[in-house]
Amino acid sequence: MIYVCDICGWEYDEEKGLPEQGIEPGTKWADVPEDFVCPLCGCPKEQFSAMGTAADAELLAPARAAFDPKVTRSFSYGLFVLTARDGDKDNGCIINTAIQAASEPLRISICVNKANYTHDMILKTGAFNLSFLTEDSKFATYQNFGFRSGRDADKLEQVSFKRAANGVVYLTEEVNAYLSGKVVQSIDLGSHTMFIAEVTGGEVLRNAPSVTYAYYFANIKPKPQVLPEAEKKGWVCTICGYIYEGEELPPDFICPICKHPASDFQKL
């Protein structure tokens with residue numbers, strides 16, 4: 001049988017196993033360790049779906065190969081700093097998955113990666129703030145909130161902020177508005193949790209255009225350093241600019257800075 005990762009399409013073939021991870025050929029999916037994660041995108045075992053036999057997979061391969069995961073970058077996202085508080089600990093992360101979900105009553109939805117510390121805080125407390133980033137936001141802000149974990153660092157240490165009525169901080173620089181949310185429903189989406197929330201507060205802070213995902217990549221994120229041809233050995237992460245030195249990039253490589261998979265790297 002073939003089992004396919006619902007997120008990135010990587011396939012586990014029971015006949016072949018995964019010897020490089022100690023899973024011998026012929027190992028049934030049910031016998032694969034429960035802590036197994038996709039070697040390409042890091043999703044857990046429960047995010048895999050059965051696709052039949054190898055012969056079935058051969059028939060379906062053309063349809064799956066027609067999808068390029070990078071097409072999702074064509075969505076028009078906004079970018080936000082999502083903040084939460086648990087006890088005396090403040091934290092935040094970058095998300096691009098906040099939208100208005102309903103108008104009567106006013107509801108918004110956010111999707112947060114389960115690997116983020118902010119996710120666990122919201123799951124526990126049910127409260128959060130969204131700070132709407134603007135086109136004049138600096139790359140350092142994305143590095144601070146997006147490329148390191150609040151488990152190991154105080155992300156608010158050198159950031160200007162105020163505290164809203166819900167007790168959670170919101171940014172006061174490089175943003176044009178904030179809103180406060182109270183979770184009314186949570187939906188498990190696999191790698192992420194969708195939180196549907198009642199809007200409990202918010203304020204327009206200044207008149208400046210909100211940044212989009214496309215604007216960030218075109219105007220804020222530094223372009224990879226161009227090296228002389230003789231020095232072009234390695235792979236660069238198209239998300240954060242981290243450079244992996246080596247002729248071949250392992251297919252299961254995960255960027256140590258922004259945690260994106262090998263599919264988001266380009267050869268120098």
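This is a predicted model: local features need pLDDT of at least 70, side-chain atom pairs count only at pLDDT 80 or more; totals for chains, interfaces and linings use all residues.
Of the contacts in this protein with a separation of 6 or more, 57% are between residues 24 or more positions apart.

Let me turn to the overall architecture. The protein has 4 helices and 15 strands. Its chain counts 268 residues, and 40% of them are buried. The accessible surface amounts to about 14500 Å², and carbon and sulfur atoms contribute 53% of that area.

I now come to the aromatic residues. The structure contains 12 aromatic pairs. One of them joins F253 and F265: the ring centres lie 5.5 Å apart and the planes meet at 80°, so the arrangement is edge-to-face. This pair links distant parts of the chain. F253 belongs to the loop between strand 14 (243-244) and strand 15 (265-267), whereas F265 lies in strand 15 itself, and the two are 12 residues apart.

Are these two phenylalanines, F253 and F265, buried or exposed? The cut-off for a buried residue is under 20% relative accessible area. F253 has a relative accessibility of 16% and therefore counts as buried. F265, at 6%, is buried as well.

Elsewhere, which residues make up an aromatic cluster? Y77, Y142, Y213, Y216 and F217 together form one.

My last point concerns a charge placed over a ring. The charged end of K45 sits over the ring of W29, at 5.3 Å from the ring centre.

Thank you for your attention.

How values were computed. Residues are numbered from 1 along each chain as its sequence is written. Side-chain values use heavy atoms; hydrogens and water are left out. Buried means under 20% relative accessible area, exposed over 50%, partly exposed in between (1.4 Å probe, protein chains only). Contact means heavy atoms within 4.5 Å. Accessible areas come from the Shrake-Rupley method with a 1.4 Å probe; for residues, only the protein chains shown count as cover. Rings of Phe, Tyr and Trp (its six-membered ring) pair if their centres lie within 6.5 Å; planes under 30 degrees apart count as stacked, over 60 as edge-to-face and the rest as tilted. A charge sits over a ring if NZ of Lys or CZ of Arg is within 6 Å of the ring centre and within 35 degrees of the ring normal.
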